[in-house]
Amino acid sequence: MLGSSGVLRRQQFLIRSLGVRGCSDRNTITNQKAMQGIMKFTSRPSLEADAESVLRAITPTLDPNRYKGQAGKIAVIGGCREYTGAPYFSAISALKIGADLSHVFCTKDAASVIKSYSPELIVHPILEESYSVRDEDRSFISEKVLAEVDKWMERFDCLVVGPGLGRDPFLLDCVSNIMKHARRSNVPIVIDGDGLFLVTNCIDLVSGYPLAVLTPNINEYKRLVQKVLSCEVNDEDAPEQVLSLAKRIGGVTILRKGRSDLISDGETVGNTSKHRRNCWYGCLLAGGDDISCDTLDDCELGSLPYQQLLSIRCMKLVNSVSIYGSPRRCGGQGDILSGRQVLISEFDVGVFLSWARQKIKDGDLSTSSRNPALLGCIAASALMRKAASLAFENKKRSTLTTDIIECLGRSLEDICPVG
Ligand SMILES: NC(=O)C1=CN([C@@H]2O[C@H](COP(=O)(O)OP(=O)(O)OC[C@H]3O[C@@H](n4cnc5c(N)ncnc54)[C@H](OP(=O)(O)O)[C@@H]3O)[C@@H](O)[C@H]2O)[C@@H](O)CC1
Ligand SMILES: Nc1ncnc2c1ncn2[C@@H]1O[C@H](COP(=O)(O)OP(=O)(O)OP(=O)(O)O)[C@@H](O)[C@H]1O
Ligand SMILES: [Mg+2]
């Protein structure tokens with residue numbers, strides 16, 4: 001907890017800073033707001049993202065002039081002998097929230113099973129595991145796998161790598177090559193499940209790539225922290241640790257799944273633009289209300305003592321999503337997410353990320369963050385949790401991932417109605 005005398009000293013310092021400059025009525029009002037804002041902020045720093053607004057901002061309208069593909073073409077790289085559910089959850093969730101086309105690249109064994117779950121998915125049986133490849137054929141097969149994915153690569157708005165991928169070394173080697181190609185083509189990549197196993201052991205695959213999103217669960221997060229930060233998971237300073245991890249990997253976005261989902265792209269006050277810093281402090285000082293940048297410039301808020309604010313452990317640039325979800329922890333919920341980003345479990349993140357990217361390109365997005373990966377994570381997390389809560393309301397202890405998937409459409413409709 002914050003030492004109250006230190007906090008008070010800082011509050012007084014900030015108010016004095018404003019008071020010296022404040023002479024117009026407008027500034028007096030701003031100062032009162034500032035006081036309220038600081039009180040609110042220092043007593044209960046809130047990281048909670050306004051996730052529903054983000055969802056509304058990035059979800060495209062259903063426009064009759066659009067053609068197939070414009071609402072998103074997603075590919076899931078995953079599915080092997082053991083796991084056929086995870087890639088299916090991820091890929092079908094993308095379609096259920098509004099993507100137009102959903103592909104799955106998996107092993108031959110998994111392909112017919114995944115196709116039998118749904119005729120909506122386009123399934124490519126191209127991956128191979130070591131047991132089915134002779135040593136002398138490895139380099140030829142590896143090139144063939146890459147060529148098969150590569151001919152589609154430019155068409156995809158996002159790749160979701162890892163749901164049900166397994167850990168076969170030859171297969172993971174082929175997937176590394178696919179990721180390198182995706183990166184060269186600037187295709188966003190959401191990494192989940194065994195994709196995180198791969199990346200944790202080869203962090204260069206994503207480091208410095210701002211279009212990479214990692215969606216670790218509790219085990220995956222632990223392995224990442226140990227490998228990248230060389231320490232143990234620290235739950236007391238969880239936001240700071242997520243931020244450090246994202247920063248250390250070089251600006252990737254991390255969605256740490258858990259009781260509250262924590263999301264960061266590693267951005268701190270120090271490396272944001274002056275414009276964004278001003279917006280951020282404006283919101284802070286106004287207790288969460290929005291203040292236009294013109295007003296901020298008038299008040300010279302740009303010269304406020306940032307370090308003072310940082311020293312009260314302001315972690316506003318880490319977002320949390322704590323919307324009530326479900327107490328059921330059945331397997332597969334993470335896969336939904338990754339698809340939506342990829343279902344913040346895996347699929348939903350992918351779709352929302354590509355929608356946010358399109359809106360930013362069109363100059364049609366009015367959120368404080370311009371990072372599509374971050375926005376995609378917030379949206380996917382919120383939708384996943386809302387759908388899980390709805391499914392649990394109906395099915396209670398027997399809630400399964402397929403029930404949650406059935407609630408995705410209604411949950412999105414509640415927040416973002418079609419017409
Ligand atoms: N219906 C489906 O098809 C579903 C499929 N799913 C898919 O399953 C895959 C793993 O995802 P998960 O969430 O179980 O991984 P996670 O929490 O790290 O591990 C839990 C424990 O298991 C162990 N372990 C795992 N793999 C291992 C291996 N190859 N060999 C040995 N140990 C292994 C692991 O041990 P550790 O690695 O910590 O030593 C830990 O103790 C992933 O592809 C996911 O998408 C899920 O999405 C659920 C629905
Ligand atoms: N304790 C919790 N309370 C509420 N929601 C949670 C909790 N833990 C995780 N979730 C939510 O459940 C979803 C899946 O997270 P989880 O940690 O189960 O992923 P996962 O282990 O990767 O799942 P999967 O079985 O698909 O691999 C996320 O959207 C997350 O927000
Ligand atoms: Mg998972």
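## Ligand 1

Ala, Val, Leu, Ile, Met, Phe, Trp, Tyr, Cys and Pro count here as nonpolar, Asp, Glu, Lys and Arg as charged, and the others, Gly among them, as polar. On that basis, the shell around ligand 1 holds four nonpolar, nine polar and four charged residues. The model is predicted.

The shell around ligand 1 has 17 residues, and Gly85, Ala86, Gly193, Asn219 and Gly331 come nearest. Four helices each supply at least two residues of this shell: H4 (85–97), H8 (193–201), H9 (218–229) and H14.

## Ligand 2

Ligand 2 is surrounded by 19 residues. The closest are Asn217, Gly325, Gly331, Gln333 and Gly334. Two or more residues come from each of helix H14 (333–340), strand E10 (342–346) and helix H16 (372–395). H14 gives the largest share, four residues.

By class, the shell around ligand 2 has ten polar, six charged and three nonpolar residues. H14 contributes to the shell around ligand 2 and to the shell around ligand 1.

## The fold and its sheet

The protein has 18 helices and ten strands. Nine strands form an open sheet with mixed pairing, in the order E3-E2-E1-E4-E5-E6-E7-E8-E9. At the edges stand E3 (122–127) and E9 (319–321); each has a single partner strand, so one side of each lacks a neighbour in the sheet. On average, neighbouring strands are turned by 20 degrees against each other, direction ignored.

E1 (residues 73–77) and E4 (residues 158–161) run parallel and are joined by four bridges. Within this pair, valine 76 has valine 160 of E4 as its bridge partner. H4 packs on the sheet and touches E1, E2 (101–107) and E4. The direction of H4 makes about 170 degrees with that of E2.

## Helix H8

How much of H8 is buried? Seven of its nine residues are, so H8 is largely enclosed by the rest of the structure. The buried residues are Gly193, Asp194, Gly195, Leu196, Leu198, Val199 and Thr200. Their cover includes the helices H4, H7 (169–184) and H9. It also includes the strands E4, E5 (189–191) and E6 (212–214).

## Core and contacts

Buried residues make up 46% of the 419 residues in the protein. The largest nonpolar core has 100 residues. Ile191, Val213, Ile378, Ala379 and Leu383 touch the most other members. H16 supplies the largest share of this core, 15 residues. In soluble globular proteins, nonpolar side chains tend to be buried together.

Alanine 379 is in contact with Ala51, Val54, Leu55, Ile58 and Phe352, leaving aside its neighbours within four places in sequence. Across the protein, 69% of the contacts with a separation of 6 or more link residues 24 or more positions apart.

## Two residues with positive phi

Most residues other than glycine have a negative phi. Asparagine 186 has a positive phi, near 60 degrees. Asparagine 186 lies in the loop between H7 and E5. It counts as exposed because it has 9 C-beta neighbours inside 10 Å, and the cut-off for exposed is 12 or fewer.

Serine 230 also has a positive phi, about 50 degrees, although it is not a glycine. Serine 230 is found in the loop between H9 and H10 (238–249). With 8 C-beta neighbours inside 10 Å, serine 230 counts as exposed.

Conventions:
Residues are numbered from 1 along each chain as its sequence is written. Chains are lettered from A and ligands numbered from 1 in the order in which they are written. This is a predicted model: local features need pLDDT of at least 70, side-chain atom pairs count only at pLDDT 80 or more; totals for chains, interfaces and linings use all residues. A residue is near a molecule or strand if its C-beta atom, placed from the backbone, lies within 6 Å of it. Two strands pair if DSSP finds at least two bridges between them. Axes are lines fitted to C-alpha atoms, for helices over the stretch in contact, and angles run from 0 to 180 degrees between N-to-C directions. Two residues are in contact if their C-beta atoms, placed from the backbone, lie within 7 Å. A residue is buried if 20 or more other C-beta atoms lie within 10 Å of its own, exposed if 12 or fewer, and partly exposed in between; C-beta atoms are placed from the backbone. A nonpolar core is a set of buried Ala, Val, Leu, Ile, Met, Phe, Trp, Tyr and Cys residues joined through C-beta atoms within 7 Å.
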